[in-house]
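Hi,

Here is the structure I said I would pass on.

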Amino acid sequence: MRLRVGALLLAVAAPAAAQPRDTLTIGITQYPSTFHPNIENMAAKSYVLGFARRPLTAYGADWRLACLTCETLPSIENGLAERETTPDGKAGIRVTYRLREGLRWGDGTPVSSDDLRFAWEAGRDAATGFGPAEFYRSAYELIVVDPRTVTLRFDRVTFEYASMGDFQPLPAHIERERWQADPRTYRTRTAYDTETTNPGLWNGPWRITDVRPGASVTLDRNPAWNGEAPAFRRITIRTVENTPALEAQLLAGQVDMIAGELGLPIEQAIALERRTGNRFRFLFQPGLIYEHLDVRLDQPPLSDRRLRQALLLATDRRTITERLFAGRQPIANTGVNPLDPMHDADVRQWPFDLARARALLDEAGWTPGPDGIRRNAAGERLSLEFMTTAGNRGREAVQQVLQGMWRAAGIEARIRNEPPRVFFAETLSHRRFQGLALFAWISAPESVPRSALNSDEIPREATNWSGQNFGGYRNAEMDVLTQTIPEQLDVARRREMWRRLQAIYAEDLPAIPLWFRSDAHVWPQWLEGVRPTGHLNVSTLWAEEWRVR
Amino acid sequence: MVPRDGIPKDPILWRGGLEGRRPSNLRRPMTRILATRLAQIALTLAILSFCAFALIALMPGDPIEVAIAGDPRLTAIDAARLRALHGLDQPFTTRYLAWASGLLQGGFGYSRLFAQPVAALLLPALLSTLALAGTALAIALVAGVGLGALAASRPRSAPLVDAIAVMGQAMPTFWLGILLIIAFAVTLGWLPAGGTADHGLGLSYLVLPVATLAAAHLAAYARHSAASLEATLTEPWIRTARARGAPESRVLLRHAFPNAALPVLQIAALDAGALAGGALVTETVFARPGMGKLLYDAVMGNDTNLALIALLLVALVTMLATLGADLAQRALDPRLRER
């Protein structure tokens, strides 16, 4: 009997044994809701598809735009981009892309101009249900030059003309027929979700070979890939939403690494690093996730700029980042990241200065009351509603600290948190918050914050509550800048405009800047070559460079 | 426990000795009972579907509003287009009727959250949950009733059983789960910390979640069966059986246990229904796909089709389990057949 029990224990223990080094198991905290590259936009999908398909262009780890499936990045200088006038007389631009030679889908079919044409046609049709359609509205014509070359004509000139964003070839030989049958139901019949393991859908170094909804995605080497040969025969991506459970799977050897893009909260990763010593390699990559306080600007008391400045002066951000995040998250002065080429290092800064904060509040007519909270001439207490996403332990901890710091300046913060869905989809977007809202923005390098700062982008019922200027910020000069910066192709002039934008931001404080979040990447000691980007283009887009040390 | 019509109330004696003389008016046709209960189940499901649909529709933030808040590139035109495409621009009643008519025609619909037909998602989740919850429930039932019997028949062991029960009930599932993971997966490395096997049954992946889930339920069964057995063992027919010289094991198993099992059976039926809805905490801690997590994701992700079908399935299993328990009770207790 004892022997049987022993044999059983050995048998059940077997799967936990070490894996060979030609496989890699990655833990992430989210599962993709679709595998179609153009339907919905979520980080988990970008991460998984980074292994299996490649867009035309992407921003690299150096935050510079690069070709992935194209041969040369178009520019005015190399003649692949030409300014022109659109048929209806507007300033436009045409850009030409040539697909890399030898690029094939997993079933051997060459990736061709027809695949780009199909992607463009499907995106142009409003019934298809792709997410943001601005790109397809602006790209009013696609000309097939030859089987590997297309020219796109846009009715708007922006400095980002060479960036194709999410536009990428879709396998017309598989998808066109399904789409043509009924564009309205295409999203429920696409092979990306009904035949996800069809090799013809994938043109990257790996192709998806197994899918377990909500649990895992397995990818095997794509024999049709003609780029740099990947080191790993198989990559398994496991979804473990609970981060302590994810950490346990890492420690138990069930996952080899935790992706920084969708992994542990920074405070958990810092604690794990302290506990495990050098068992793993940790990299804290600062990125474009901008933690800040959105401020209700169109109603008192925060409509007074002095009050916003006093709030920032009373916030000891350095102490918070050092105590809570071990100094791993850079302090923000505006929404422009220090890694961004347009960042202005000389922008006005507001270091912690409680005395100045108090003086500003005095100047604004708020004097200390008997309970330490300030009051104005009408006897109203300086009490602000302070909201964030309930259940986010990191943010809730920050909220408590800020509440204490502001109290020292005589400002009361009344915490009222909501579940993320209610907070983002109702309270913020319908502008139902009354004081301060703590959350984060993520953007791309040199992304002009038009949706957050232009007065046209204040959400209202007439525009279906679109726009992200939740605070209701209105500044005529900022409106002009957010409208004209994208149209300025000259880098030096654009830099000057960015400098002005940051100066206004730092003075006006349409939002209270806190810090830029860092992604916590946890890798095994034997893995090298992973280059986190810190922005929306994930590290897996260059995963063929990952190697076993 | 009042005897009626001169029939001895010890069901074992009654079953064994008087079966042939049972009055015919005590038995209502089983088919009629079944038909009535099944009609009640169908009506409950219909009402439940409407209420659940209304509650999900009333939840703040539709999927398009969530998308708009997170993606600055979505314009007002995009929002209107996507809302129409997902049918969210229709009135609530129109959407409910369209959904209900689709369901009556056998269409479970499509999950927006997982981009899969709902039926394709439910089956593996249900099987995974049945494997986890079914095993845990069976182990908890056997071990719990065993401990209960031990406490009732050997009073000296009662404090120990009580202590085990209190520990099982007091220990939060997520905490026990994490403790087991640290001990058996991280420290000893004997068992996986979570997830499911890539191939095969993956029994090793079941051990820790089953142990976690069984611990909480075992405590309840131990306490209920101990209390019930203690009460039953004081009944006159037990004294009669002992006076006749029946061995203690026979007294316990043949005479006392079938009577004492009735409340435990009812609890087990309710547990079975609840567990069909998944063990959300256990599934989350051990990263196991299952009904609990699927249902939670569907509700939080505003995936109406998936949430509704999963809810109705859970309700159906709960009601069928309760019906099964009622029928089993009728089989065990003849007094119920008189009603």
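Predicted model: local features only at pLDDT ≥ 70, side-chain atom pairs only at ≥ 80, totals over all residues.

**Where the two chains meet**

The contact between the chains takes 49 residues from chain B and 45 residues from chain A. Two residues count as in contact if their C-beta atoms, placed from the backbone, lie within 7 Å. On the side of chain B that touches chain A, the elements giving two or more residues are helix 3 (63-70), helix 4 (76-85), helix 8 (173-187), helix 9 (203-232), helix 12 (280-285) and helix 13 (291-300) of chain B. Helix 4 of chain B gives the most to that side, with 7 residues. Helices here are DSSP runs of H or I with at least four residues, strands are runs of E with at least two, and both are numbered from the N terminus. By type, that side of chain B splits into 33 nonpolar, 10 polar and 6 charged residues.

Residues are numbered from 1 along each chain as its sequence is written, while chains are lettered from A and ligands numbered from 1 in the order in which they are written.

**The chains in outline**

Chain A has 17 helices and 20 strands, and chain B has 15 helices and 2 strands. Buried residues make up 48% of the 549 residues in chain A and 39% of the 339 residues in chain B. A residue is buried if 20 or more other C-beta atoms (placed from the backbone) lie within 10 Å of its own, exposed if 12 or fewer do, and partly exposed in between.

The C-alpha atoms of chain A fill a box of roughly 85 × 75 × 40 Å along the principal axes.

Chain A is divided into domain 1 (55-180) and domain 2 (288-518), with bounds from an automatic or database domain assignment. Their centres, taken over C-alpha atoms, are separated by 36 Å. Across the boundary, 6 residues of domain 1 of chain A are in contact with 10 residues of domain 2 of chain A.

**The cores**

The largest nonpolar core has 162 residues, and Val522(A) and Ala310(B) touch the most other members. Such a core is a set of buried Ala, Val, Leu, Ile, Met, Phe, Trp, Tyr and Cys residues joined through C-beta atoms within 7 Å. Helix 6 (residues 118-153) of chain B supplies the largest share of this core, 15 residues. Apart from it lies another core, of 56 residues, including Val295(A) and Phe439(A). Leaving out residues up to four places away in sequence, Val522(A) touches, among others, Leu250(A), Met257(A) and Phe282(A).

In helix 5 (residues 172-181) of chain A, Ala172(A), Ile174(A), Glu175(A) and Trp179(A) are buried. They sit on the same side of helix 5 of chain A because they cover an arc of only 160 degrees around the axis. The arc is that of the directions from the helix axis to the C-beta atoms. The face turned away from the buried side carries the exposed residues Glu177(A), Gln180(A) and Ala181(A).

Helix 11 of chain A buries Arg317(A), Ile320(A), Thr321(A) and Phe325(A). Its buried residues fall within an arc of 95 degrees, so they line one face of the helix. Thr319(A) and Arg323(A) are exposed on the other side. The buried residues pack against helix 9 (266-276), helix 13 (393-408) and strand 18 (511-524) of chain A.

Asp316(A) is in the loop between helix 10 (305-313) and helix 11 (317-325) of chain A. Asp316(A) is partly exposed, because 18 other C-beta atoms lie within 10 Å. Not counting residues up to four places away in sequence, Asp316(A) touches Phe352(A) and Met405(A).

Notes: Nonpolar A, V, L, I, M, F, W, Y, C, P; charged D, E, K, R; others polar.
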